[in-house]
Amino acid sequence: MQMKISLLIWCIFLWGSSVSQNRINITKVNATYPVAVQNPLMVDSVNLKGEKFESKHLLETAFLVKSADFKEHLTADTSGVIFFQKAGESNGLRFFSFNVNVNKHAKLKVSVTSTGMLELYVGNKKESSKTSEEDSLQHAKKVEKEITVNPGTVEFAVKYLSRPESKTARESLKITVESSDSLVILSEYGNKRLIRINDIVEKSGIGAGSISPNGHYAILRYSSVVEGGASSSYSELYSIRTGKRLSLDRQVSWTPSSNRLYYTAQRGENNSLIGVDPETLAETVIAGNVPKGNFRMLPDERQLLYTEKESYEERKGDLLILESPSDRQEGYFDKYFIYLYDLATGVKQRLTYGKHSTSVHDISRDSRYLLFSTGEENITERPFHKSSLFLFDLKSLKIVDTLWKDEKYASHANFSPDGKKILIHGAPEAFGGAGLNVPQGVTANSYDVQIFVMDIATKKIEALTKHFDPSVNRAFWHSDDEIYLSVVEADYENVYKCKYSADNRSFTRLNLEEDVVQSFNLAKNGTVAVYSGASVSGATKAYVYDLKTAKSTLVGYPSKERFENITLGTVRDWDFTSSDGTVIKGRYYLPPDFDSATKYPMIVYYYGGTTPTARTLEHPYPMHVYAAMGYVVYVVQPSGAIGFGQEFSARHVNAWGKRTADDIIEGVKKFTAGHSFVNEKKIGCIGASYGGFMTMYLQTVTDIFAAAVSHAGISALSSYWGEGYWGYAYSAAASADSYPWNNRELYVEQSPLFNADRIKTPLLLLHGLEDTNVPVGESFQMYTALKILGRPVEFIRVKGENHGIATYKRRLEWNSSIYAWFAKWLKDDSSWWDSMYPRF
């Protein structure tokens, strides 16, 4: 039988660290009480292998150990021996756990001396065992194991078999951990441990899926990734009034009005639409034979609106003509059309037909009207696409109005409750620049999303958020005079209520519990919402929010047990005023055992694309993990990011590093000048995508960094612009109206590749070989240039990965590579890097 042991094997109380050295005796352990185990019934004298049963086989007994089971806390005597009582009248198995912190990648030797039989575990893995018994510790055999560990907390456990026949009055353990590396610092760490990358990759998440129209029930969606990478998900029906929870075995949705759940299932030969009473879970068949496919139910619950895909015939042959720069994208030739299905008659009416895709935006609350759009490429003019929005009468099945025609910068739209207005998402330049709030001659950042309101009767446009600095992720009507907006606001993601009346356009931020609100769903006919979110030092949680009392109630925190046993460092906001008078926001992370008298290396992180670095614990580049390895981490929000107002985000356009680099460099210099605990000679920087470009670019204009990391970075603007699947589309915002033929200076001088000879900083390039966003050639060409120039550079190509690294094993190795690179150059310790990438 294989033993199962929880990773959470900490004690209840936090003990302080012992004196740091490269050899320590373990002086404190946490212990479970003995669990009685009996010899099995001897059906035969030997097993299938001809072996007789021995007491050592009892060590193979499997049982789950939880943190709450470690109720005994034992301390060694002055000689380093930990004594404990032997078993009573029966055999007993018990666990002992202890944690050791190590400051660097190292080889450790663990020694356990004991009179009894035992197994030694490191993390969740059995590493060694002892199956003999001795009468005294002096004559006891020693279990020794050499292991290779990375910086952080190493978790150990000893599974011990205590027998009544033991010859000792008291049983004992003596445990030592040591390293031959004189630079290794070891310390006992009590019940808590430091965060590591596995805590980010192996996680339990929760999302506020949806809420019933009356606000009585919510669907919570859970997901998890466990050690090894296996993932799972499930949904839960939560009663907001009673707190009752029921696990759901299928994907369900809410009916628009009647507060029922529904799903489709194959019943015999029919695809049936099934309704579920959330109170009793009683099921009824709403319709016995509905078409398969993706649909949404109309508010009157009498009809279903389907969207179906049609595609051109697959092109054959080895020579394929490219129809458009976007032809490389999967699904380019797929078109979508709308159908209306009547539940009473079973008639499925096609509503749209042609060569252009049609997209559903919204249905009026009286089920009378549909908003849908058509879109087409417009390759000769930025932003290279345009759309038209139509008002469609679902009774007469005719278009009754065209709400906009060939608009380039508007996207989604939805009805007001009374059906007289529509709420529109769009760039500042939409509707003839109605939303622009930038100085004359400045091009706005089209990723800084604005909200517009159109009066359907008059077509009059109101730029609702023109003077509202946050960028909008999502907006929706709740009542005719209330609009809710989920926004990016600096490095927070908040929710606002907009009071929308004839004489009032005021915005009020909801006082929610988390720094980053990831989802927010409000009951259609109630005053209750469910939301999920995370914070700078907290994993994702879900809440119910009462609009009347403005209070949140925690309803889900699946990562609680993991993170309550982890010690995180302090995070503090730190802003500075740049030379041009702009306040540049940021924050910094300190190591958990921070000592202001120590000089720490520092890592600097900055945004990718044009979105600020959000205040989330479970970030792809987890700041707390860097801090746990002994770094100060400075996150700066430089010019060009959305969420700070249109003028600030417009600095991203046609800049490609100019203003952004100035902010980063000035911020680093002012931060180090104001914080004596930073070693200004050991500062590293890291960024991804546009942030990877910034990493390369920074090394061409400054020498303040001792190491740099670029993941999926852009080295030459023209090759990214032309080769990346979205290169020319992203450049429509970042390089608005600038092209290689009309702005040679931008495309050459701002490209790090054309200034590679200025780079002296050791640079690590990482790139997924399947990256369709930023082609891997961007890293290849920078690597080649720096190799020719004889500069310190390494390039890690990640097989099977696109723009981000998603696969479990690769993600762990990819992060470890980054940590090892920084250790090599910021801590003068190349052992970790050399162990991962030995030279031939």
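Helix α12 is followed by Asp-828, which has a positive phi near 55°. Helices here are DSSP runs of H or I with at least four residues, strands are runs of E with at least two, and both are numbered from the N terminus. This is a predicted model, in which local features need pLDDT of at least 70, side-chain atom pairs count only at pLDDT 80 or more, and totals for chains, interfaces and linings use all residues. Residues are numbered from 1 along each chain as its sequence is written, and side-chain values use heavy atoms, with hydrogens and water left out.

Let me stay with α12. The helix covers residues 808-826, and at 1.5 Å a residue its 19 residues should span 27 Å; the expected span is 1.5 Å times one less than the number of residues. The end C-alpha atoms are 27 Å apart, which agrees. Of the 19 residues, 14 are buried, where buried means under 20% relative accessible area, exposed over 50%, and partly exposed in between, with a 1.4 Å probe and protein chains only.

A salt bridge is a side-chain nitrogen of Lys or Arg within 4 Å of a carboxyl oxygen of Asp or Glu. An α-helix has 3.6 residues a turn, so residues three or four places apart point the same way. Lys-809 is exposed at 53% relative accessibility, while Glu-813 is partly exposed at 37%.

How many salt bridges are there by this rule? The count is 49. In one of them, Asp-481 meets Lys-499 at 3.5 Å, N to O. Asp-481 sits in the loop between β35 (471-479) and β36 (482-489) and Lys-499 in strand β37 (residues 492-501), so the pair ties together parts 18 residues apart in sequence. There is also a network of salt bridges linking Glu-155, Arg-193, Arg-196, Asp-199, Glu-202 and Arg-562.

Now the strands. β23 (residues 294-297) and β24 (residues 303-311) pair antiparallel over four bridges; strands pair if DSSP finds at least two bridges between them. Phe-295 is opposite Tyr-306 in β24. The two strands form a hairpin with five residues between them, and Glu-301 in the turn has a positive phi of about 60°.

Last, an open antiparallel sheet has four strands in the order β31-β32-β33-β34. β31 (410-415) and β34 (461-463) are at the edges with a single partner strand each, so one side of each lacks a neighbour in the sheet.
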